[in-house]
Amino acid sequence: MRVWRIPHQQGKVRRVIRDPRDDAELLTLVRRYVTPERRYLKLGGGLLRIPSPASDRFMRDLREDAGRITPSEIAKLLEGSWRERRTAAWLVAVSRRTEFREDLGRLLLASEVCCAGLAYGVTLASFGTARDADLLAAYLDRYLRRPDLAYDQNVVMGALQFIELNLGGGRADRFREPGGLWWQWLRDAPHLRIDSDPAPCNVSLIRRLCAFVDECAEAR
């Protein structure tokens with residue numbers, strides 16, 4: 001079976017990402033949940049721009065699949081690459097399967113693949129507990145110290161602030177205090193060329209995506 005190997009990190013076992021082309025079970029799940037109507041590409045900010053009635057159909061199909069998929073199938077998708085993991089995270093959010101919270105937190109922190117961090121952040125934000133905030137803060141503790149990495153720092157900060165609008169707790173405050181890690185990252189990241197704090201826009205994006213999750217979940 002072909003796998004993509006993840007570079008070794010000190011103190012951690014080398015992990016792999018499964019290729020659906022060489023895993024018949026995973027390929028079946030990809031065809032059932034990930035690729036129909038290119039779902040995996042729409043799960044993000046793009047779903048906010050889908051016009052009606054296509055948006056209603058998209059939400060209905062996502063809701064139905066969230067109710068249909070089994071825990072073992074979700075776990076299998078989370079072994080795949082970014083398309084599979086992104087889709088799995090959204091199905092977890094809509095089905096309110098909080099038992100996958102720690103798994104998503106670990107995947108977010110590991111950042112093994114691109115294009116999945118927003119899905120993890122939205123799912124944790126939609127759960128909205130203190131533990132979810134802790135998982136997001138752990139990511140920021142690690143990756144705000146890496147201005148050379150253009151990962152998911154922006155959307156994770158938005159997700160953390162979104163949770164704290166309801167919970168409080170001050171987890172985001174320590175990053176955003178004068179001279180804190182958030183401002184250092186914004187200043188030193190070579191890929192950023194901005195004149196203002198992007199956090200309010202990121203909070204707004206997370207809020208709108210969580211509203212979509214809520215609407216989808218409540219209809220179930």
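Start by selecting Ser111: just after helix 6, this residue takes a positive phi of about 50°. Helices here are DSSP runs of H or I with at least four residues, strands are E runs of at least two, and both are numbered from the N terminus.

A word on ground rules: this is a predicted model, where local features need pLDDT of at least 70, side-chain atom pairs count only at pLDDT 80 or more, and totals for chains, interfaces and linings use all residues. Residues are numbered from 1 along each chain as its sequence is written, and side-chain values use heavy atoms, with hydrogens and water left out.

Next, select residues 101-110, which is helix 6. Buried there (under 20% relative accessible area, 1.4 Å probe, protein chains only) are Arg101, Leu104, Gly105, Leu107, Leu108 and Ala110. What covers them? Show helix 5 (82-95), helix 7 (117-127), helix 8 (130-143) and helix 9 (153-167), which are among the cover.

Now zoom out and colour by secondary structure: you'll find twelve helices and two strands.

Switch to C-alpha atoms, and they fill a box of roughly 50 × 40 × 30 Å along the principal axes. Colour by burial next: 50% of the 220 residues are buried.

Last stop, contacts (heavy atoms within 4.5 Å): of those between residues at least 6 apart in sequence, 67% join residues at least 24 apart.
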